[in-house]
Amino acid sequence: MKLMNVKGTNDNLPQKEIVKRKVINTLTDTFEKFGYLPLDTTILCYYDLLASKYSGGSEILKEVYTLKDQGERDLGLRYDLTVPFSKVISMNAGKEITLPFKRYEVGKVFRDGPVKTGRAREFYQCDVDVCGLEGSYIEAEMLSMTVLAYKKLGLDIYIEVNNRKLLQGFIIEAGIPESLAGRVILSVDKLAKIGELGVKKELEEYQIEESKLNKLFSYFKCTIEDLDNLNITNNFFIEGKEEIKELFNYLKELRVTQCRFTPYLARGLEIYTGTVWEVFDEKQRLTCAIGGGGRYDKIITNFIDDGNTYPAVGISFGIVPICEILETSINESLYDLLIIPMDTNTESLKLANILREQGIKVLIEMTGRKVKKALDSANKNNIPYVILLGENEIKEKTLEIKDMNNSTNIKVDLNDIEKICQIIEKR
């Protein structure tokens, strides 16, 4: 048997896993400060549930991993976190869940699609959603949370923001048939990547007059302030304009300066019904979006279909691209301290356990290798402190704590556990 990973899957070795866990812990701590509750949904779902979000011809259903249980029931692995979230709302709203409901979830999803850079078949998603709230008020709070979350990760970001209604209004005003609006939106969403000529080339087969496309492109140069000066009266534009203006007024008061009005942004997917946004690395270490979201008022409403409305807005944080950016800057160890026993195995175990009880992460050198090799290993694994515990240290009740980063030694009383902890925790 040849040992290998399934195509499109990867194992995370410790250093990468350390980075991923730091990212997830930082994000979830931020989410909880904004009142979001943790949720864990099932990976294994009935196939009918997974298929219910889309029409039968949807491309996503081609990527669902399907299987049968022993009762010959059709099952599948979840391909996102939105369908399971919709299921939870449907099963629990008015019972264990009271709307509005704010939740976050981090978990693996599976898609049997093409494998290429940035696309795997097994990967993590991190979603934050609110169900049961309409309007820009919650969207402004979510965007301010987004800025804070990336700031805590040490990332400078900017956020492109638009409104799908506004974009639809531009398309109608340009004289483009509403029947082509979906196709046009998919193309103009690529405007920053392929330019006007690229968008026009994509739309050639639909025989849209160039004058209409030029009129549409002219709207994409608008600022928020320009919107009031446009003589556009269709309802899509009017509603979108009011929503985007209200949102940016909130952001101004909150001093969230990272958001940029981007009139052609659509996020591609048809699920979005209002505000949409994408997050980018200011330093452009990656040019793809490292997060994105928006309002999707129809998904859960149509999914439950009980006569009530379930407005929703959410954001996904790109765990994979975030980790890719931070891998070179996060150089941490899982350990605070390495103890090297010098014929003091029992005493080393005792000291390690005492320090562990105080929250210090301790590794004991147990291979019996020479001290130099043990110290080299500590450096390689970024362990910041080392204690050599020999018979003299036990007899004299005095330790030397080696600071591996500064190449200095700190003397301390063996029994002064509080002092030992203070030295180690300073890092």
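Among contacts in the chain between residues at least 6 apart in sequence, what percentage join residues at least 24 apart? The answer is 67%, where a contact means heavy atoms within 4.5 Å.

Before going further, a word on what you are looking at. This is a predicted model, in which local features need pLDDT of at least 70 and side-chain atom pairs count only at pLDDT 80 or more, while totals for chains, interfaces and linings use all residues. Residues are numbered from 1 along each chain as its sequence is written, and side-chain values use heavy atoms, with hydrogens and water left out.

Now for the overall picture. The C-alpha trace of the chain spans about 90 × 60 × 45 Å along its principal axes. Of the 427 residues in the chain, 48% are buried; buried means under 20% relative accessible area, exposed over 50%, and partly exposed in between, with a 1.4 Å probe and protein chains only. The chain exposes about 23200 Å², and carbon and sulfur atoms supply 48% of that area; accessible areas come from the Shrake-Rupley method with a 1.4 Å probe, and for residues only the protein chains shown count as cover. The chain holds 15 helices and 16 strands, which are DSSP runs (H or I of at least four residues for helices, E of at least two for strands) numbered from the N terminus.

Let us return to α1. Its 20 residues reach 28 Å from the first C-alpha to the last, close to the 28 Å expected at 1.5 Å a residue; the expected span is 1.5 Å times one less than the number of residues. Among its buried residues are V19, K20 and V23, and the cover over the buried residues of α1 includes β5, β6, α4, β11 and α11 (319–326). Just after α1, G35 takes a positive phi of about 90 degrees.

Helix α11 is where you will find C323. This residue is buried, with a relative accessible area of 8%. Not counting residues up to four places away in sequence, C323 touches V19, K20 and V23.

What about α4 (residues 136–152)? Because 12 of its 17 residues are buried, α4 is largely enclosed by the rest of the structure. The buried residues include M142, L143 and Y150. Just after α4, G154 takes a positive phi of about 80 degrees.

Next, look at a pair of helices. The axes of α6 (residues 181–188) and α7 (residues 191–202) come within 8 Å and cross at roughly 140 degrees. That makes α6 oblique to α7, since angles under 35 degrees count as roughly parallel, over 145 as roughly antiparallel, 65 to 115 as roughly perpendicular and the rest as oblique. Where they meet, R183, S187 and V188 in α6 face L191, V199 and E202 in α7.

Finally, turn to strand β12 (residues 337–341). With 5 of its 5 residues buried, β12 is largely enclosed by the rest of the structure. Both of its faces are covered, with L337, I339 and P341 on one side and L338 and I340 on the other. Strand β12 runs parallel to β13 (residues 362–364), joined by 3 bridges, and L338 stands opposite L363 in β13. Strand β12 also pairs with β14 in the parallel sense over 5 bridges, and L337 has Y385 of β14 as its bridge partner. Strand β14 (residues 385–389) is itself mostly covered, with 4 of its 5 residues buried. From β14, 3 bridges lead on to β15 (residues 398–403), which runs antiparallel to it, and Y385 stands opposite D403 there.

Note on methods:
Axes fitted to C-alpha atoms, helices over the stretch in contact; angles between N-to-C directions. Pairing = 2+ DSSP bridges.
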